Every structure is written in C-alpha cells, then in structure tokens.
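Please work through the exercises below with the coordinates open beside the text, and try each task before reading its solution.

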Amino acid sequence: LAKGKKAALFQVHFEGNLGDQMETIPLLQRLYEWGLEVDCYLSMWRDPKERLNAKVKERVEKYVTNFYVDGIPQQHIVKQRGYDIIIITPGPTVNELTHCIGKVNMAWFGVSVTNWAIDTYSKHKACLRLLAVREELSYDKSARMIDPHYDDVRLLLSGDLSFSYRAIESDVNVYKKKFQ
C-alpha cells in the first residue's frame, strides 16, 4: 500500500544526538522497506549548520530522498511536493510547528503527549489519523483527549523505539567517556 507514496517527516533530529538517532532510524528503515519516498524536514532548535550531522547523514541517506534544514515548509510547497502523509517523528513532543496542510493525513509517531501536545491536538485533529505514543502516561492522556465519537484517530502504544535500534558500539563508547 505504501510503495510509491511520498512522506514528509517533520521535526527530525539529526544533530548527532544518539537517542534521537535510535528513535528515528528504525522508523526510516521501516518506511524505506515499505517503499515510501521520504523527505526529512529537520528540527529548527539548532543553528542551520548544525541540524544535519555528517555522520548521521551517512547513516540515513539510504532511507531519505531529501533533507531540508529550513524547518517545516509553507503549505504551498507541501502541496507542490504532493505528500501522501506527514509524520511527526519520534521525539519528546509535538508543538505548534505541527499543523494540518490541506487534506494531507498526519501521524504523530513515537511522541510523548504533554499539555502542549494536547493543545496542539485540539487545533489540528482534523488531519491526524494515527497517534502512536511511546509511554503509558501519554497513552492515558491521549485516550482522554480523543473523542471516539467525533475524532478519526487511531491510538497506539509504540513503546520507546530507542530499544529497537542496534547501536554502533564505538559511538556508545564515545558517549560513555564524554558523560562519565
């Protein structure tokens, strides 16, 4: 069903943080296996020059069609690129950068649902079809915020994806030394 479809991943963290890689890479691998063409719009919390670590790019470039360091594009650009789905990638939470764009379906995948996310959900639930949270507290919060009579959203507990990625031992050792 996914082969030949186009996905835009928003708020992607490729700055070099091992935890972010361990959450995002398994998702990218699976989307690649399913045949999706994936564009990654990088998180904007760092300077543009620091948003795409060279080592991370090398690890994920097989799975990514395009990298965009300028954050989430304007609606007309998303429409031009013809995405079939927008995915908010694994990470701490969603924020106001998360927004519906036309009739493109959206999924929040591997996120935690905070009070901020609850507010964002209420504003943008019209396009959200999948909410896969990474821990029980977020699942409980999500179950309370979704109205099963009106909201067309599936709720799943994805678990913490960090445990599904086989870490590169040399990187783990570098972090062990740095943060000992």
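The exercises that follow concern a predicted model.

**Exercise 1.** Determine how strand β5 (residues 105-111) is placed with regard to burial and which strands pair with β5.

*Solution.* Begin with burial: a residue counts as buried under 20% relative accessible area, and 5 of the 7 residues of β5 are buried, so this strand is largely enclosed by the rest of the structure. Next, take the pairing with strand β4 (residues 85-88), which runs in the parallel sense over 4 bridges, and in which Ile87 stands opposite Ala107 of β5. Then turn to strand β6 (residues 128-133), which also pairs with β5 in the parallel sense, here over 5 bridges, with Leu131 in β6 as the bridge partner of Trp108. Finally, follow the chain through helix α4 (residues 115-124), which together with β5 and β6 makes a right-handed β-α-β unit.

**Exercise 2.** Decide whether Thr24 is buried or exposed, and find which residues Thr24 touches beyond four places away in sequence.

*Solution.* First locate Thr24 in helix α1 (residues 18-33). Its relative accessibility is 0%, and since buried means under 20%, Thr24 counts as buried. The contacts then follow: leaving aside residues up to four places away in sequence, Thr24 touches Val12, Phe14 and Pro90.

Terms used: Residues are numbered from 1 along each chain as its sequence is written. This is a predicted model: local features need pLDDT of at least 70, side-chain atom pairs count only at pLDDT 80 or more; totals for chains, interfaces and linings use all residues. Side-chain values use heavy atoms; hydrogens and water are left out. Buried means under 20% relative accessible area, exposed over 50%, partly exposed in between (1.4 Å probe, protein chains only). Helices (H or I, at least four residues) and strands (E, at least two) are DSSP runs, numbered from the N terminus. Two strands pair if DSSP finds at least two bridges between them. A crossover is right-handed if, with the strands pointing away from the viewer, the path from the first strand over the helix to the second runs clockwise. Contact means heavy atoms within 4.5 Å.
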